[in-house]
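Student: I am new to this structure and would be grateful for a close look at one part of it. Please describe how the two parts of one chain meet.

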Amino acid sequence: MLDIAIGGVLFGALYALIAVGLNLQYGVTRILNLAYGEILLIGSYITYIFFKDFRINPLLTLIFSGLVTSVLGILIHVITFRRLVLSAASAEELEFRSLFVCFGLILLIQNLLAHIFGVTPIGTPYLMEGVEIFGERFKMNTVVAAILSAVVNAIMYTLLRFTKFGLAMRATAEEPVGAQIIGINILKIHIASFSVGCLTAALAGSMISMIYSNVTPYTGTIYTVIALIILVLGGRGSFIGSIVGGLIIGCAYYAMIRVRASLADPVIYILLIIMLLVRPRGLFGRQ
Amino acid sequence: MSRLNNAAITKLQAIIIIVVIIIIAAVAGIVYQLFFYRPPVGVGLPPRDKVVVGIVQSLSGALSPQVTMYHPYYKWVIEDYNAKGGLYVPEYGRRFPITYIEYDDETDIHKMLTLTEKLITVDKVDLLFAPCSTGFVYAASSLYEKYRYPVIALTYGSQAGAEKCRKGELKYLFQTLASPSEVGVEVRELLEYIRGKYGADAVGNVGIIYHLEQHGVEHASAIFGELALVGFNIVLYESYPFMTTEFKPLISKLIERKVDTLIICGYEAMFFVREAKAMGYNPKIMIVGPSLEVPGMTFGPLGYTLDDVRGIIFYDGWPSASYTENDVLKKWAEDHKVRARAIFGNEYAYPFPAAALFYSGLQCLFEAVQKVGLDREKIRDALVTEYFDTILGKMKFRPGYAPETTLGGTLSQWQYRYMMDTIWPPEAKSAEVIYPKPSWPPS
């Protein structure tokens, strides 16, 4: 049981890291960034390039992948979503129209990655040795990913809870019109949240490159789906929800692999359906 | 009058002379026809300046990595024949350059079918190459039957498809890989050999895990059936989600059940092995499906060392070739390393076990054309009746079964080289099986 508990938490922590950025983006901007997984892949590819071509320690490449994708996030928002935000008559219209932009972004990023790097899988295998925790052995890179997830989530929590900037973000998420009335530049907040979301996605992508080492331009969708499941379970726009949702999904999947592996996927989707039926706003979602 | 009468021939003599003349003429005609007659070449045939091959494959989308790794041979075989002056077409009595029309199905099965039909009906290609993956090939097989195009499928292995081929329901589809029922026999034979050589306990408890997809289900079921029949002690038979990356919980179960011989029917061994190594789980025998057999991937992006994978046996029914034992294959393997380097970007771009088989399968198609021309019915018949010279020696297709080859093996194992060694069957092996699997190297 102990191995399931620890393994589930480690696995769930990685999932929480994957999901936190999408939840922040959607919570604040109401833009459901379906190209999130592709942005995550950019992080994987950056780690790969810096490791392969410059022999930089993969953990150090987290800095580069974070920086590059946060700037990319700003650019994507300014070039594509900003106009939508300004012209949309309602939040629903913004959500609807942004979906089409996201589909375009998915194809654009996939094809660009395929064009630049080819479609052969890439990877940056690192810290693959085992490490013992309470008598159970786990891969070192999954432990590092869990620690990174904890650190990122702690920083995010501090940012959202204890800074003016975080307050402005929460205000924009909860009451955008009111936020504007009291002088918050919601466009800037949107750009910032988009940028931070892309940054955390890239960190997750870099870790995935180290853990699984089987990244292609077309594997992004898997991570978008994982993040969406956690978003629905934890609650749209809820920071705590993405952590709890990630841990629940991670632990459930992990435990099911142990009990009856063939049921692991169905159980996750049953959980999702139950949540949508019983509590559609998710565990910690706003009304 | 009497002189005249004497000089004249009788009616009987006249008849005899005429019959003899007819016989001589007939014999001369037959001899000429058989030994001296050369039919007029190209008369009545449409003008031709090339042989066109049609290819639909997933150049983008989820299957494109597989296409890149497993299908470079389409272009290579065309290049190689063109370098020799092209493809000889007997009805024209000369060689023609081979060109190809290639479409990208974007990993969309409907698009693949539409484009295949376009190649046949609009582009009117002479020959077709198969798309990538079992599902896509199986879907396209109805078009091959409808339009009677003999096709050599590379990345394809289906029990259902094999049985249709055996019954003659799929006459134009030829597989290069063994079907799951053949793999079952090979694995059983190898384990029996190990049991015979190393003692009754050598194989011990057997665990079979498989992914929930056609490949895993069909192969696991075939192997299970074979092993159960001869009394191997199967203590675990369990499926797992397709392309899962998390194996630790399943490995805990394998440890609990004391699994000595592990068989993984799926494409996920690349993740499993990493986890098993981290956990220190090392079965005596590990047999895996496609995943760790491509050197350019295994020692490149996946980051394994030869010590990590030594002892791992590869089934998938891909008749491996003894790349190290035969001069033709040795040269081909070295060329492969140079040609495939661009694909993997590393120095390990050696062929995987079935690489030569894929290439030689395509050679058979071209050799059949050189023998019987571009009549597709004749090509189809030639493929099942004739042996063709390939880099694997003599090769012949058998509907619904792996092809017969001089140098074909069935099971291979990572040993001491960056190419797998053939370990089964005994008459084709390049090395003795390593038993037990060595322990994991220190990290």
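Tutor: In this predicted model, one salt bridge is found across the interface of domain 1 of chain B and domain 2 of chain B. A salt bridge joins B:R398 and B:E182, with 3.5 Å between the closest N and O atoms. On the side of domain 1 of chain B that touches domain 2 of chain B, at least two residues each come from α3 (64-70), α7 (159-167), α16 (355-372) and β15 (401-405) of chain B.

The domain assignment places 51-179 + 358-403 of chain B in domain 1, and 181-324 + 345-356 + 409-428 in domain 2. Taken over C-alpha atoms, the centres of these two domains of chain B are 29 Å apart. In contact across the interface are 23 residues of domain 1 of chain B and 18 residues of domain 2 of chain B. The size of an interface is often expressed as the accessible area lost when the parts come together. Between domain 1 and domain 2 of chain B, the buried area is about 1500 Å², and carbon and sulfur atoms give 53% of it.

There is also a nonpolar side to the picture. The largest nonpolar core has 202 residues, and those touching the most other members are A:I18, B:F129, B:F272, B:F366 and B:L383. Because domain 1 and domain 2 of chain B both give residues to this core, the core lies between them. Another core, of 28 residues, lies apart from it and includes B:I208, B:L227, B:L411 and B:I423.

Definitions and conventions:
Residues are numbered from 1 along each chain as its sequence is written. Chains are lettered from A and ligands numbered from 1 in the order in which they are written. This is a predicted model: local features need pLDDT of at least 70, side-chain atom pairs count only at pLDDT 80 or more; totals for chains, interfaces and linings use all residues. Side-chain values use heavy atoms; hydrogens and water are left out. A nonpolar core is a set of buried Ala, Val, Leu, Ile, Met, Phe, Trp, Tyr and Cys residues joined through side-chain atoms within 4.5 Å. Buried means under 20% relative accessible area, exposed over 50%, partly exposed in between (1.4 Å probe, protein chains only). Domain bounds come from an automatic or database domain assignment. Contact means heavy atoms within 4.5 Å. Buried area is the accessible area (1.4 Å probe) that two parts lose on being put together, summed over both. A salt bridge is a side-chain nitrogen of Lys or Arg within 4 Å of a carboxyl oxygen of Asp or Glu. Helices (H or I, at least four residues) and strands (E, at least two) are DSSP runs, numbered from the N terminus.
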